[in-house]
Amino acid sequence: MIEVRLLGPVSVVVDGSERDVGRSSERALLALLALRAGTVVSTARLVDDLWGEQLPDDPGNALQTRVSKLRRALAAAGAVGVVVTRSPGYVLDLEPARVDALRAIDLVELARRAEPDRAEALHTEALGLWRGEPLAEFTGEAWAGPEQARLAELRLTAVEERARLRLAAGRDAEVLAEVEPLVAAHPLRERLRAHQMTALYRAGRQAEALAVYADLRRALDDELGLDPSPELEALHDAVLRRHPDLDPPAVARPRPYAPLPARLTAVLGRGEELERVAQLCRDRRLVTLTGPGGAGKTTLATEAARTVADRFPDGVVLVELAGVEDPARVPAAVVDALRLAGDAAVDPAERLVGALRGSRLLLVVDNCEHVVDACAGLLERLLTGCPSVHVLASSREALAVPGEVQLPVRPLPVPPVGAAPDELAANDAVRLFAERAWAASPAFVLDDSTLGPVAEICRRLDGLPLALELAAARVAVLPVDRIAERLSDRFALLTAGPRTAAARHRTLQATLDWSHTLLDDEERVLFRRLAVFRGSWTLEEAEAACAGDPVPAGAVLDVLGRLVARSLVVDAHGNDGRFRMLETVRAYAARRLDEAGERPAFARRHAEAVLAVAEAAAPLLRGRDQHTALARLRAERDNVDAALAWALDHVADAPDVALRLVGALGWWWYFGRHDEGRRVVDAVLGAVEGVVGGAGTGGSPAARAVAHQAASLVWRPGACVVHPSARCAQEAAVSLAAAEEAGAVGPATYARILLAVEGVTGTDPAGAEELLTAAEQALHRAGDEWGLALTTFVRAEIGFRTGSVPLAEAERLAVRAAESFAGLGDRWGHSAVLGHHGTAVRVSGRPAEAVPLIERSARLATELGLLLTLQWMQAELAYCALLLGDRDRALERCAEAEDTARRLGAGPGAEFAALVRGIDARRRGDLAGARSVLTEAVEHLAAAGIGGLAAALAVQLGHVLELSGELTAADRTHHRALALGTASCGRWPRSGCSTRTTSSGSR
């Protein structure tokens, strides 16, 4: 496919790659034909436009010569046969939509007839076609002036129309940020001024809005002798009078986070508490609901949050910590609940602070008690760094964070003995029991025959909501008087327990004991064995982990269904076929598992079941089913943590379980959880080595192969598989040796690929080629398309970094790798290859050709939420814009990269943007500003170990010091840049998954 670009430097795009076209004279002819693509332009018109009054001796022959040169230039770029001779002149044989300027005109025209949402998208698409000033190299040519004016007017019109649509949608801040610089450039343009006034007024800046009008009125009078239009005068009057028509529309602000889970039953007896909690959530930053398990803390917290949701424009997010056993996992659990991007090796707490700073959000953090210290530390950090975030927590003990308001959640009031029937029926505990009993058995009626026993049950259970609900569920099989009798027997047993235990704990234990006695033998066995699961599980996992005498695998479905019917097991958040236990119920089941002496056997069975799930998902992560496999492993997070904990405790007797489990999870960690992967992999490998006295030979060769391969993945610098590292190379070499010993072809193949990445350093190109060739042969035999795409990616990167193959060949490899990943539906691989390809093109001195590649990588990263990749691509685009002379776009892209880095919570994208800002400041003569920006960025990067980018910035800092006359400091800085660059390995400074930068072209 061939396209012509005029909205910036004149060029052609052939099959997605931008190509330069000949000399300026040929580009002028191309532009004239492109502006009328598909239409014949007469010879006379072309001669007149190209030469004006300065005609050559033979105009017809001169034009024919220029057409011939243009055709040769286009053919060299891959655009053959597009300039056609057709009487009475020539035609560019392309659809108008293949010329960006004509497409922009069509898009703006379509937008004028479209619905608002579609219209805004069309205007945005049209404005996105501009890459710089149209026809800038022909400024001063008679034919170019009118075209430049027409296109400039088109662009301003699109901006104005889009601003009008965004104002109508309540997006005032975006409008203000866009129109203010345009107003400075076009001070007499009334529509821009009107949009600026409206946006300022809605931002509460009435005085500034009025000042905009006054400034325009003076300018119109001074320069044109005119007054503002009647429309603008009317707007001025409306601003003065604060007319309600200027108020922003009632547009719902989109919330990026998942809503609170819908409640399926009524909340009874908590009216006053709900109002109290809701008011505290509005007024205070941290509210903690304390009380015993089963008191209803979760219900009260979620319902109160639902009540105040409209007060938090950025949403309400529920964070469930019941399945989180490792305190170190608390920040990651909050990251998961917020659905933040997970592709960066960044401290999760830093990511949270960066992502939530400025958000008006309510976090509902449930079940903090078992990780209370970790919760307290994280929440204090969030509340300190994010002044508009509020937290509503539930815990069996206070968090003890400064500013915390504690609100005890007490049991429901129970009816007094001897109360009248009306008083009994109105009691909150009785109403809760009756409502849940009717749900279990619609034949149940609260009348004179049942009021007394129900009141007795409520008193015996101290009004604890969980206990009442469990008791009410038994109405399906027992009348209420029989339930009351059973409770009496059970409480008699428990009153002999420790007097120091809280009464509410004894009562809840009695309720659970009583529920347990109603189960048959099969139900009791499966009930306790299910306690090995953390979070949720599937039927297949229950069969694998819990089946066994007296519950064979074929009976698990039936018995599990009976446990669901008895409310001891519940559906896990929807109809996805997963089950879970309430945490209090699971803790009770765990005690029963210990009492039965079954924990050792079934904890191992659980770990092996999780291992089977992980090993089944592992190959799917490298192919068409990647998205499904990632979702499955996310659902298994809590079970994975429990299995890993068991495996670490049993490396002496079951080293293969630990090694195989981390091996199966290697790519999962690589795709977004590097810190966690590094911690766990190192813990497992260290534990195995410790068991065998440091010899490093614990476990089978096959298990060691995949575990060390996981280490080679998670320790990749910059979280990118094609970045070399001595540690990663060592792990890959160990993996390869173990795989060959075990005869494990698949692991050996991927170990060779990971080891071949060291070829990027240029130290052993022959060795890298030998490894890749062997890997390719095995991958072809196995039909592994994903592995072949990865191998091609590594070859391309080696070519880019070392020059081992011509640049054009390396680019062809990159294109092939990107197409392979795209064909497999793997947007991660597609984005990564595009980013590396774009960087290579930019480094080769072709920033204009690099832009579309990098933009495509950024779009894919945005779709996937890969913020680490996105910040690098945005910074790369800023650098390209700077090299292309588009300062405004460069600074816009810098701001985007810095904003993404803030959302990520950390990451060197902001420092990469600092390179652009530093160069820009130096060019403007602001040496002090350049020095400040570059010095801070160099120190941050050096401290973070990102030597390549630090070297590039240090080079720029050295230039600034030279210009400042500080030659000694400049010499010292340049030597430091050399040391940083040398230490980073490779020909280019290396600084992130998809991006590297040099100082080339920036002086």
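## Sheet, salt bridges and a buried helix

Helix 3 (residues 59-76) lies across strand 5 and strand 6, at about 150° to strand 5. The model is a predicted one.

The sheet under discussion is open and has 3 strands in the order 4-6-5, with antiparallel pairing. Strand 4 (41-42) and strand 5 (83-86) are the edge strands; each has a single partner strand, so one side of each lacks a neighbour in the sheet. Strands of a sheet pair through backbone hydrogen bonds. Here, strand 4 and strand 6 (residues 89-92) pair in the antiparallel sense over 2 bridges. In strand 6, Gly-89 is the bridge partner of Ser-42. Helix 1 (residues 24-34) also packs on this sheet. Helix 1 touches strand 4, strand 5 and strand 6, and its direction makes about 80° with that of strand 6.

Next, the charged pairs. The whole structure holds 71 salt bridges. Side chains of opposite charge can pair when their charged atoms come close.

| Salt bridge | Closest N to O | Relative accessible area |
|---|---|---|
| Glu-120 and Arg-166 | 2.8 Å | Glu-120 14%, Arg-166 11% |
| Asp-520 and Arg-562 | 3.2 Å | Asp-520 32%, Arg-562 24% |

Glu-120 forms its salt bridge with Arg-166. Glu-120 sits in helix 5 (residues 116-127) and Arg-166 in helix 6 (residues 144-168), so the pair ties together parts 46 residues apart in sequence. Glu-120 counts as buried. Arg-166 is buried too.

Asp-520 forms a salt bridge with Arg-562. Asp-520 lies in the loop between helix 21 (503-517) and helix 22, while Arg-562 lies in helix 24 (residues 556-565), so this pair links parts 42 residues apart in sequence. Asp-520 is partly exposed, and so is Arg-562.

Arg-592 and Glu-595 are 3 residues apart in helix 25 (residues 583-595), a separation of about one helical turn.

Last, helix 26 (residues 599-617). Its 19 residues reach 27 Å from first C-alpha to last, close to the 27 Å expected at 1.5 Å a residue. Its buried residues include Phe-602, His-606, Val-610, Leu-611 and Val-613. Ala-603, Ala-607, Ala-609, Ala-614 and Ala-617 are also buried. What covers the buried residues of helix 26 includes helix 22 (521-529), helix 23 (539-546), helix 27 (626-635), helix 28 (637-649) and helix 29 (655-670).

Terms used: Residues are numbered from 1 along each chain as its sequence is written. This is a predicted model: local features need pLDDT of at least 70, side-chain atom pairs count only at pLDDT 80 or more; totals for chains, interfaces and linings use all residues. Side-chain values use heavy atoms; hydrogens and water are left out. Helices (H or I, at least four residues) and strands (E, at least two) are DSSP runs, numbered from the N terminus. The expected span of a helix is 1.5 Å times one less than its number of residues. Buried means under 20% relative accessible area, exposed over 50%, partly exposed in between (1.4 Å probe, protein chains only). Contact means heavy atoms within 4.5 Å. Two strands pair if DSSP finds at least two bridges between them. Axes are lines fitted to C-alpha atoms, for helices over the stretch in contact, and angles run from 0 to 180 degrees between N-to-C directions. A salt bridge is a side-chain nitrogen of Lys or Arg within 4 Å of a carboxyl oxygen of Asp or Glu.
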